[in-house]
Amino acid sequence: MVGGKFKPRTGERSSGMKEEELRELSDCIICKKGIGHTGLPLFTKLTIERFGLNKSALKRHTGLEMMISPGLASVMGPNEDLADRLGDSIVVAVCESCLTENVCIAQLMEPVETSDAGGQDG
Ligand SMILES: [Zn+2]
């Protein structure tokens, strides 16, 4: 593992994927090929969300932690958002062969041209 920590989110996922969602995730975001091109019937769905730390909320929360204990600050404080989501979340698919590639995450967040993205000249 490349540093960092993650918390597995079990229990909040649905058991499967319906046709519409699978169609939207039919191409690998990295190699642009179909998710089944490797021959293995496996792929990975990634959800990317970008956040900005809310400095003033963090300051208030830290101040409250210093006045009372950190545990109490979480319970007795306003429980406001300490980070704000920037834009929409991005959901992408990665094929099995690209799963082990080193990838620039920011590159995955660039807009992807889709067939229904307008601009059809005929
Ligand atoms: Zn791929």
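1. I29 touches V92, A93, V94 and L108, leaving aside residues up to four places away in sequence; two residues are in contact if their C-beta atoms, placed from the backbone, lie within 7 Å. This is a predicted model, in which local features need pLDDT of at least 70 and side-chain atom pairs count only at pLDDT 80 or more, while totals for chains, interfaces and linings use all residues. Residues are numbered from 1 along each chain as its sequence is written.

2. I29 also belongs to the largest nonpolar core, whose 7 residues are C28, I29, I35, F43, A93, V94 and C95. Such a core is a set of buried Ala, Val, Leu, Ile, Met, Phe, Trp, Tyr and Cys residues joined through C-beta atoms within 7 Å. Strand β2 (residues 83-95) supplies the largest share of this core, 3 residues.

3. Buried residues make up 6% of the 122 residues in the chain, where buried stands for 20 or more other C-beta atoms within 10 Å of a residue's own, exposed for 12 or fewer, and partly exposed for counts in between, with C-beta atoms placed from the backbone.

4. T47 is found in strand β1 (residues 43-53), and T47 counts as exposed because it has 8 C-beta neighbours inside 10 Å. Not counting residues up to four places away in sequence, T47 touches S89 and V91; T47 and V91 are 44 residues apart in sequence, yet 4.4 Å apart in space, C-alpha to C-alpha.

5. The chain has 4 helices and 2 strands, running α-β-α-α-β-α from the N terminus on. Helices (H or I, at least four residues) and strands (E, at least two) are DSSP runs, numbered from the N terminus.
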